[in-house]
Structure formats: C-alpha cells, structure tokens
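Subject: Structure handover

Hello,

Here is the structure we spoke about, for you to take over. My notes on it follow below.

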Amino acid sequence: MSWTPADPMVSIKDVHKSFGDLKVLNGVSLDVMKGDVICIIGPSGSGKSTLIRCVNALNDIQQGSILVEGQEVNDPALDKLELRKKVGMVFQQYNLFPHKTALQNVMMAPVRVLKRDKVEAEKQARDLLAKVRLQGKEDAFPGELSGGQQQRVAIARSLAMQPDVILFDEVTAALDPETVGEVLQTIKDLAEDGMTCILVTHEMGFAREVADHIYFTDRGVIVEHGPPAIFFDNATDPRTKEFLSQIL
Amino acid sequence: MSWTPADPMVSIKDVHKSFGDLKVLNGVSLDVMKGDVICIIGPSGSGKSTLIRCVNALNDIQQGSILVEGQEVNDPALDKLELRKKVGMVFQQYNLFPHKTALQNVMMAPVRVLKRDKVEAEKQARDLLAKVRLQGKEDAFPGELSGGQQQRVAIARSLAMQPDVILFDEVTAALDPETVGEVLQTIKDLAEDGMTCILVTHEMGFAREVADHIYFTDRGVIVEHGPPAIFFDNATDPRTKEFLSQIL
Amino acid sequence: MTFKTDLPVMMPVKPHEPEPFLRLKLWHVVPIALLCIVGTTLAFAADGDAKQSPLAVLMNWAPLLLRGFIFNLVISVSAMALGTAVGALLGLGQISPNRIMSGGSWFVTQFFRNAPWLVLLFFAMFLLPFELSILGLKIPFPDWFKAILGLSLPVMANVSEIVRGAVKSLPSGQWEAAESLAYTRRQTLWLIILPQCVKRMLPPWMNLYSILTMATVLASIVGVSEVMTLTGRALSAEGGRPELLAPFYGFVLLLFFVYCYPIARYTVRLEKKFAVIN
Amino acid sequence: SADVLDTIKERGKLIVGVKADYKPYGFLDTSGAVIGIEPDLASDVAAKLGVEVEFVPVVSSNRMQFLEQGKIDLMIATMTDKPDRRDVVLIPDPNYYSSGTNILSLKSLGLKEWEDLRGKPVCGIQGAFYNKATSQNYGAEIVAFKGTAEAYSALKAGNCAAFVYDDSAIVAKTNDPEWADYEMPLPTIDDAPWGLAVQLGEGNFAALMSEMIVDWHKSGRILELETKWGVANTPFAKAMNEKYK
Amino acid sequence: MEFFFDWFRVLNQETGVNLPFLYDSYDRNRIFNGFLTTIWLSLVCLFFSVIIGVIGAWLQASSFKITRRIVNGYIQLFRNTPPLVQLYFFYFAIGTMLPRVENDWGGQSPLLGSFAWAAISLSFFAGAFNVEIFRSGIEAVPKSTVEAAEALGFSKLQIYKDITLPLAFRVVLPALNNNLVNLVKTTTLAYAIAVPELLYEANQIWSDNVNVTEMMIFLLLAYFVLVGVLVGGMNRWERSMKIPGYG
Ligand SMILES: Nc1ncnc2c1ncn2[C@@H]1O[C@H](COP(=O)(O)OP(=O)(O)OP(=O)(O)O)[C@@H](O)[C@H]1O
Ligand SMILES: Nc1ncnc2c1ncn2[C@@H]1O[C@H](COP(=O)(O)OP(=O)(O)OP(=O)(O)O)[C@@H](O)[C@H]1O
Ligand SMILES: [Mg+2]
Ligand SMILES: [Mg+2]
C-alpha cells in the first residue's frame, strides 16, 4: 500500500492524546490533500496546537494514526528527521535563533541538516528572504527586527527545507496589529503558489479568504467543518455558533 | 464652605500636570455629581489615566484643584487614607494580590485599613463576590482565575471599602474578548445601583449605553463633551470626529 | 483550572548594579585603606615604644605578603581552569538524554556542591599521595598542586550547575524550532543551544571565579604558603604583638578587595548588558 | 627498596620539615626564608651529606603525615618523642632536645597547680599531644589554634586563662618585656625529649642521624645555637653535653 | 548500645579502620558537641543574616543618599573579601579593641567569645548577599500592585509588611536558599578561630588518632547529610510558598 500524490498528504484518524489526566484530543480525524489550505479554529485550550504539533511528532499520541505521505508518524521506529524534512512548522513565538542573522537562520538547516552546498544554500536563502519581502534585512539579527519581520524570517526558514506541507500555529497572535497584515499576505502568497498549509488561526477574515476548508474544534473533538462560505454563514452546531458570535 | 450632597462629588478645576518636561494635563475641568456615570475617552497618551489617578492622589498635580466631596486632594496636609476610603479604583491590569485568595483580596483592606471585625468583613466579602457572580470562587487564587474573573474580584475588592465614587481605568483592555462582557455587565449593574463612576474606556458601545456624560480628551485638554446621544452623533470638533471614525 | 497569564504579576528578578561605593574610582580605595591602616598604627604608636611602629613592620613584610598573594592568584587561575574544563563536561553529562549519564553527573555535581570547600580541601590535602608513579615516572604532587585540585572540585560542581542552568533557562521554543527543522539532538545542542548559553554563563562563571579567589586563603589552614599563612608566620616572627593584627589582616583584606571588586563590577555590567540583548 | 639516602644524594637536596611559626626554633625572616635553631641543625645534616637543604614549613597537625607520605626526608619540628609516635615514624636516639609542657598565664590569675585549670578555657595548638591530656586529666577546655601567633593573641586578648605549650618556648617568652605581666607558674609536666624523625624503615638514615645527634651534643653545637638565637642554655642541653663530652 | 560501640573498637583492632568517635566516649562527646555547635551556629547565622538582609534592603531603598552608600559600602566590602580573613579581622583585630569584662575565673576576658564572633562575622558576610537578594525581590513586585494597595488606603508600612515583603520573599526563595546553604557550608571556617564545631572536633580527633582517612570520609558524609536535609527542607518550603497559578 504505497502512497501516491492522489492520496491525502496528511491523514489524521481518530487521534487521542492526554497530558497526564487531561484528555486534550478525543478522537480527531481529518484529511489534507496536496495543495489544500485548511484552517483549524476553536476556543483557547481546545487542542488546536496539540493537534498540529502531533503532525510533526513534537507531541506523541496515545491512540489513532497520523499518516504523512503514507508514513505513520505514531511509529516508534519512525525516522523523525525524514518526517521533519517533509513537514515545516512556524510557531506563534517565531523562535528564531537569536545569535544568528536572518540569512544564517534561513540557510543553517539546509547546510547542516540537508548538507547542501553553502553557496547554493545562501543563494536560495536570499531568494526566500526576498520572497517574504525582506531584501536588505539579511544581516539583521532577530533582536533588530519587528515581530512581523521576525515571523516572516521564520516562514522563510521553514520554506528553506522545501517541505511538502507547512504547519502554522497562530503565527500572528503575538504580533502588533500593524504587522499582522504583512505576515498574512506572505501566507496568502504561499497558498496561491500551491503550498499545502495547515493553519491554526484566530483571524476569521483571513481564514474565510484563503482556506479551502475550515475545522472547528472544541474540547478535543472536531465539532463542525466545511468550506468557508458554508461554515461561516450556515454553522449548525450551537457551540460553533456561540464561538462565531463572540468573535465576529 | 462645607460640602453638601447637592454639590459635585468630584470637582476638577483647571488641572495642570507634567512629568518632567512632558505636559500631560493642560487645564482640565469637569464636575461629577452623585450618582453620575461619566466616561472619558480619547487617544492613547492623551492623559486619561493620569487624570483619574490624580483624583485619588496616586499622582500629584502642579496647578489647579481637585475637590472630592469638598475636600482638596492637592493639599499636602491631606489625609490620603480618608480620601481613599471615599474613592475606589479598579486598574487595567486588575492588580490583585497574587498570594491571597479571592476572598482574602476582598476582605483584606476592610480588616487591615478600616479595622473592621473579621467575621463581619468576611460576610460582606462573600456577599460582594456573589454580587459580581463569583460564588464558589472564594478560595481560588488570582492565578487560578480568568482575566474577567480577576477583574470582577478587583471590582469587589474596591466595593468592599464602600467608596462613594469608583474610578475605572480601561478595566477591560487586558481581557480576552470572551470575558469582556461579564465585566461590563458588572459595571452596568453598579451604575444601575446608583454608584458614582468615572470610567476610562475604549468600549464605545458600552459608553453610549451607560454613561450620563462623555468627555473626549486629546493632548491634555478636554476637546469636547456631552451626553452620549449628542456626543456620538453630533461631534463637532475635527479631532473628535477623526477619533470616532477610527474607532467605531 | 488554571489560566495562563502574561500579566506582570511579578517582574523578572534582574541583577542590578549597586550604586558605586562612595562614588570612588577604584584607585581611591588604596590610599583610603592605607590611611585606615596608618590610623590604627598611629593609635598604637602613641604608646611611645622603642619598637618599630606597626606600619613600619607591615612595610617590612609587605613584599613577602604580596608574593604570597600572587601565589593565591596563581592557585585561583589554575583551579578555575581545571574546574571549568571538568565541570563543563559534567554539566553536559547532566543534560544528556542518557539516564545513567545524567543521573551520575547529577549525583557527582550535588555531592561536591554540598560539601564545604574547606572539607574538600582537607580531603585533597591529606588523602592524595604526595607523588604519583606512572610507568616509573614520578610526578610530584606538591601542596599547592593539591590545593588546586582540592579547590577545583567545588568549582567543577558549580560550573556543572551553571551549564545545566543556562541550558535549562533557554525557552523550549528554541529546542522545538530546531527539532522541527530536523536538526539532530547533537546539532541542536552545539549549533543552537550552547552558543546562546555562553553569554548567560559568563556572569555566574565570573562570580564563581571571584568566590574561588577568596577561597584560596583556605589553603592557609592546610599549610600552603599563601598570603594568610605568611601573615601568620610574620606575626609569629614578630613575637605575637597584638597591635599588629589589625594592620596585617587589614592589609590582606585590602589586597583581595582591590582584586575582586573590579571583577564584581564588571560582572554586573555584563549581566546587565546581556539582559538587555535577550 | 631504594634507601632514602641514595634518593637524597641523587637529587642533591635534603628536604627537611621544620616549624615556621615557632620562634626561635623555626620562624620566618622578612624575605620569607626559614631560620632558627632547627633549620641550623638541618643545615648541618645537609652539609654532612654534601647536599643542599630545602625547608618545608610544617605545623603540628601535618608534620607526621608529611613524613609518612615522603614529602619530607627528615623532620626536625619540635616534636615530642612519644611511644605512639614511634609507631608511625622512626625516631633515632638519642634525643636532640627536650622540653616539658607548661603554661603561660597572667601573674594576676595566681594559678598554682594544674588542677586550677579545671573548667577554664586554655589556648593550645592544633595537633599538639598535650591538648587531650590537659583536658582529660585536668578538665581544661582546650581552645586550639592553627599557629602560635593566633594563640598568643588570644591569650593576650583574654580569650583564654592560659596557653599550654612547650616550656622552652614559654621561658623565652617570659623574658620578653611585652610579656612582663605573664609567668610560667606550674611545675613542668611530661618533661619529654624532642625527637627528630625519619620514615619508618629508613634504618641507615636513622643511624646516621644518631651519629649526628651525638656529635651535636659532644661538640656543644646545641648550646652554641641556643646562645646564637637568644635562649638561655637549657638543663637538658647542658646535661647531654656533659654526658657525651 | 555499648555492644554496638564496642564493635567499632574490635573493627579497629581487626582491620585498622579507626572510628574512635564511636567507641571512645570522650571522642564521641566531642563529635556530638561539634555537630550541635555546627547546627546551632548555622541557625544563629541564618536568622541574623536574614534580618540583616531585610533591614539592609529597606535601608537601601532609603531616600538618604548617605544611608544607601553606607549599605552599598558594607555590601561591597563583605562580598569582595575572603570570609576567612573577615573572621580573623573580627576576632583578633576588633575583638581585642572592645572593652573587657570580669569573667568567672577571675580574669578579664573580651566581651565576646569565638562563637559570638563567628556568628557575627558570618551573619554579616551572608547578610551582604541577602540584602541584594531581598532588594531584587522587592524590585520584582510590580509598581502597579503596590499602587493597588495604596488606592485601598494601605499605609506604607502595611504595604511593605503585607504585600511587598511576602511577594518579594516568594520570588527570592530560590536565591535565598542557595545563599543559606552556602552559609551552612561556610560555618566550617569558624574552625580557624577555634569554635568547636564539627570540622574542629574532627581535626582534634585525627590529630590524636592519626586516622585522617576515616575522619575525612565521615566529615564529607556528615556535611552531605546536613546540607541535604537543609536543601530538602527548603525545597519543601519553597513549594509550599508557591503562589497557585503562577510559575
Ligand atoms: N505540555 C503540556 N503538558 C500538559 N498540558 C498541556 C501541555 N500542552 C498543552 N496542554 C494542555 O492541553 C490543552 C490544549 O492545549 P492547546 O495548546 O492544544 O490548546 P489550543 O487550542 O492551542 O489553545 P490556544 O488557542 O490557547 O493556543 C490545554 O488545556 C493545555 O493546558
Ligand atoms: N509616571 C510617569 N512618568 C513619566 N511619564 C508618564 C508617567 N505616566 C504617564 N506618563 C506619560 O504621560 C502621558 C499620558 O499618559 P496616560 O497614561 O495618562 O495616557 P492615557 O490617555 O491613559 O493613554 P492609554 O490609553 O495608552 O492608557 C503619556 O505620554 C505617558 O507616557
Ligand atoms: Mg495554541
Ligand atoms: Mg491609560
């Protein structure tokens, strides 16, 4: 049973996860096809972050299965490095390496992990920084950049590994309102280029605009999902309705 | 010239205040009658917080006069304790005492400052916590409460001193959107009970609903004021108009 | 149920540079302390004795005492170098994912951290052989060398804790970010974590050096000819005159103050500087 | 195994443990060199062996360990010759010097006998054998310091009622005008000879030292050194000189 | 019990492992008293160094420049010179300058003995660190929390006592504990001025019995246990003082 590009790129099936006594995921299933952009929304603590952290094995799961390009993530024998070359991740707190410049942040993993040629990796890194509209900031340290700029470096850093899918965990939540826009624009560009994206976000307008599919989670289960047009205007579940009424 | 309940409860006259070289208040005057609810709005840095902090002598003033129940606040010989029994204050950051439970936070000042009987103070504190809809949370520590719950404890704490007027400084600004409503409801209840309130807020809908009078400040002066109906719909000053257009 | 909060319930505990002591520059301290010594000296000299004044006596001995002090510094630098080298390894052992390795390193660290310096010094002094024979080659272990070994034991344990503390103090996001970029654990440690730790480790490391320098006088108790030992012998050679005690011990205090105070000031400045960057 | 004498000759240097805080038997000059009666004796030994001499300052609490460990070849460090010490180190006969235990105390205290020390704080030196005896037999509370400087200071400050020490050193002290108010009031006890020592098993070296000691007594070298360093000639030294002459 | 003790005498005769403080009642008393002295000295110093820390931190916030400078001078002097030399300076130099009192054996003895000087000297030494620790703790209490108390009518002293100190105390507990553990280890220095604490007594015993190895191992274990108990107690205390919901 080998994976073909026609199969889901990420396939999550009945995933359960607890931290000690706390049940965080209670049987979550969803599929992401190549080129899809899906958004996961839901109240705080509903398990959104946990879910996407499970996809690149930052958290393990207790039950269920997560397949990435047909490969089981929840397998003790899994080669985590191989998985992580395929799955990129961008965090809420950017997590840039503060002792390296923007350029170094972007080219370090290709050089050290993928053993790419340095000159080539640098060229690619400069291109990526240009793509996220950060020409001229190559030699700035993270501490010298605004939140939005740092987050765009983080996106470029993730892209440098040429992943097949990227996970975004509330990447605009820690930003000043003024710089949220530039980061969202960057993600939109990516989506338009056909990158497979899984986004956790609170930016409903953005979700509506870019997502192919919206999932609403509450207390560890997916309560409702659907394409944005249907989801936002015709939510049926009372919890979804309440959440949307509060946030819109 | 003794004060009677028919006189303004708080009377601010031509108040000037600088921090070093920075002029923050530039001749502000306003009167608050007993039972009034007034809202102060204005852009960030316009001196709103400074103004209400002057009312309970957390900041001193350089010129002008502030009378609270006929008593001059800007008087070096002022008994601050007497003033603060009359004027309560609730802060943006709640500022609960983190090492005390909700109940202890509420009953501490009556016991320590007013030397009330402990049993009686506890009874009153429980009643107040019930009033702000926090039954059952008496023994929770601030760190175990949500922002909205903490802010309601802070309001109860302020009420426990049985003040004649309460100052609210952007009390919902630090809250998650979901918990703003419960705090505003609590303030509305207070206002309906006839408490004299001076509010600094950015919640225009709320201001319109509860305020008897709105003041708009910019760069240390009151630019425009009036009852909400007139203020919001017929603002004349260009600065007010611009501010309202941005925020509504 | 708990809520996370970003509110400043408690501000970070930050180091602060104490106001300069009497707004003096360092070199001011020297004449002032000398004045104090001379002061006590004169008070005693008023007895009107044919004997040399305490100050004159101190001056006679000062060159010898200074030589002793330099010996203290040599001991401190060597013990620091040795302790840092071994302690760094031990610290890395403590954060190793291997349970046996981390447990063992933890135990060694705790054992030597909890033992008084003086006891460790006695331990090294009396229980190490005076020379080691390796392949017929005799390596002598003179006293001062044993003192260095003895003092480097607690240094080692403290450096180990400094390394562990610095690594632990980095936000877990750094580990996670590196992990999700497919770095191996070793790469993460050497490329991402440790380079960031160096700065964090420098101030406590310098602090430790200062403490070590002051601990070198303990070697006097086990008979190494450093400044305190020489002071005792000088006092004895002068026949145990009580009026000599204050100037002599005062002189030793002064020597250490002049050396350690600038280090302390510089440490605080570094702490502040790094606190701003991070 | 190799004889220590060979080792000494091979390295061209004799290493001797001496006191450095015990005036006039061994103390420092301002250049840091150790001088005194015992260093002079040690130099004699080195001269006889035709090697140089190096002094290692020792204190009572570490002198035997140093010898045991082989850190010093020879110890001439005011050590009282006691049977249990002969178990640990080799003490050649005859003894080179002698002193007993006595105390230095204020005249005004009027101490008469050892029993008078009961319950009183008495300064001593760490590692001296008579600490335990004085406290066990006479009930004194021993307050032991590292060196004599500290002990003398503590006595003068009044921290102790007396300082229990070798009578030869105390006699020297009572002649000092600084200590005019002090006396050595008790009968000397434990009058015991001092022994210099070599490592156990070094029979040849011990034999050589026996010869040297006899020589020192015969030639009056001990008496001469006493005079040189300002101590009145002691009965023991005189008697030994008579005996071997 | 006697049988148990005698066993160690036999052990000594049979194997040469000499633990006289177990079979010899005189040495047993010495070690026991040494242990008590160490504990007592530690407690006294812990107490006074914390008091010095609290008062010093309060003085350091004083509005008089001169007070602040004196406190700073004290801190710098004590932090940057060896505690052993401080001890000598206090005991031998300052101790001899103080007036004397008549004692019960008819002499004049100094006002304070070696234990008292060790307690004073070590308290001041550890206190110099505690001042800084408390000061940083007080600075960590947000100004706004103090203002909230002010707005409720608390007086300055009430705020310090009920709000600032309890909060500061919780933040600085780890640092404080660390310093106090160091203090306990530093009490070994009292050995140098003949305070009969554990190290001093052990040294007396190994001088009399030439059993350095055994005594050394015993000492290491004894301090390991002593400090271990202290650290354990402090950690437990730290946990119990933790403010729920934070950190
Ligand atoms: N490492 C952990 N250990 C224990 N509990 C955890 C851990 N990580 C998360 N949790 C808990 O799991 C639950 C879900 O957390 P998660 O971060 O997935 O929520 P979320 O939906 O991302 O919320 P938010 O919108 O606030 O980021 C929360 O109750 C959280 O406290
Ligand atoms: N303690 C202080 N020292 C110096 N400047 C201060 C101080 N407090 C406030 N200011 C300055 O005074 C000005 C007015 O501040 P204030 O807090 O009153 O504004 P505000 O209208 O409440 O703004 P916001 O909506 O952001 O709370 C600002 O420029 C602020 O930086
Ligand atoms: Mg999350
Ligand atoms: Mg404000």
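How far does a backbone N or O atom of A:Ser46 lie from an oxygen atom of ligand 1? The distance is 3.2 Å.

Before the rest, the conventions. This is a predicted model, in which local features need pLDDT of at least 70 and side-chain atom pairs count only at pLDDT 80 or more, while totals for chains, interfaces and linings use all residues. Residues are numbered from 1 along each chain as its sequence is written, chains are lettered from A and ligands numbered from 1 in the order in which they are written, and side-chain values use heavy atoms, with hydrogens and water left out.

Ligand 1

The residues around ligand 1 (a residue is near a molecule if one of its heavy atoms lies within 4 Å of it) include A:Phe19, A:Leu22, A:Lys48 and A:Glu170. From the side-chain atoms, a polar one of A:Thr50 lies 2.5 Å from a ligand 1 oxygen. The protein covers 61% of the 630 Å² of accessible area that ligand 1 has on its own (areas come from the Shrake-Rupley method with a 1.4 Å probe; for residues, only the protein chains shown count as cover).

Strand E2 (22-32) and helix H1 (48-55) of chain A each supply at least two residues of this shell; helices (H or I, at least four residues) and strands (E, at least two) are DSSP runs, numbered from the N terminus. H1(A) gives the most, with three residues. By residue type, the shell around ligand 1 has four nonpolar, six polar and two charged members. Here Ala, Val, Leu, Ile, Met, Phe, Trp, Tyr, Cys and Pro count as nonpolar, Asp, Glu, Lys and Arg as charged, and the others, Gly among them, as polar.

Ligand 2

Ligand 2 is surrounded by residues of chain B, among them B:Phe19, B:Pro43, B:Gly47 and B:Thr50. A polar side-chain atom of B:Ser49 lies 2.6 Å from an oxygen atom of ligand 2, and one of B:Lys48 lies 2.8 Å from a ligand oxygen. For B:Ser46, a backbone N or O atom lies 3.2 Å from an oxygen atom of ligand 2. Of the 640 Å² of accessible area that ligand 2 has on its own, the protein covers 60%. Helix H1 (48-55) of chain B gives the most to this shell, with three residues. The shell around ligand 2 divides into four nonpolar, six polar and two charged residues.

Cysteines

The structure holds one disulfide over all chains, a disulfide being a pair of cysteine sulfur atoms within 2.5 Å. D:Cys123 and D:Cys160 form it, with their sulfur atoms 1.7 Å apart. The torsion about their S-S bond is about 60°, so the disulfide is right-handed. D:Cys123 lies in strand E8 (residues 121-125) of chain D and D:Cys160 in the loop between helix H6 (148-157) and strand E10 (162-166), so the pair ties together parts that are 37 residues apart in sequence.

D:Cys123 is buried at 0% relative accessible area, and D:Cys160 is buried at 3%. Buried means under 20% relative accessible area, exposed over 50%, and partly exposed in between (1.4 Å probe, protein chains only). B:Cys197 is buried at 0%; its sulfur is 9.0 Å from the closest cysteine sulfur, in B:Cys39, too far for a bond. E:Cys45 is also buried, at 0%.

Chain D

An open sheet of three strands has the order E5-E1-E6 in chain D, with parallel pairing; two strands pair if DSSP finds at least two bridges between them. Its edge strands, E5 (52-58) and E6 (74-75) of chain D, each pair on one side only. Seven bridges join strand E1 (residues 13-19) to E5(D), and D:Val18 has D:Pro57 as its bridge partner in E5(D).

D:Asp81 is found in the loop between E6 and helix H4 (83-86) of chain D and counts as buried at 13% relative accessibility. The side chains of D:Asp81 and D:Asn95 are joined by a polar contact of 2.9 Å (a pair of N or O atoms within 3.5 Å; within protein, one must be able to donate a hydrogen and the other to accept it, and residues adjacent in sequence count only if both atoms are side-chain atoms).

Chain C

Chain C has nine helices and two strands. Of its 278 residues, 54% count as buried.

Regards
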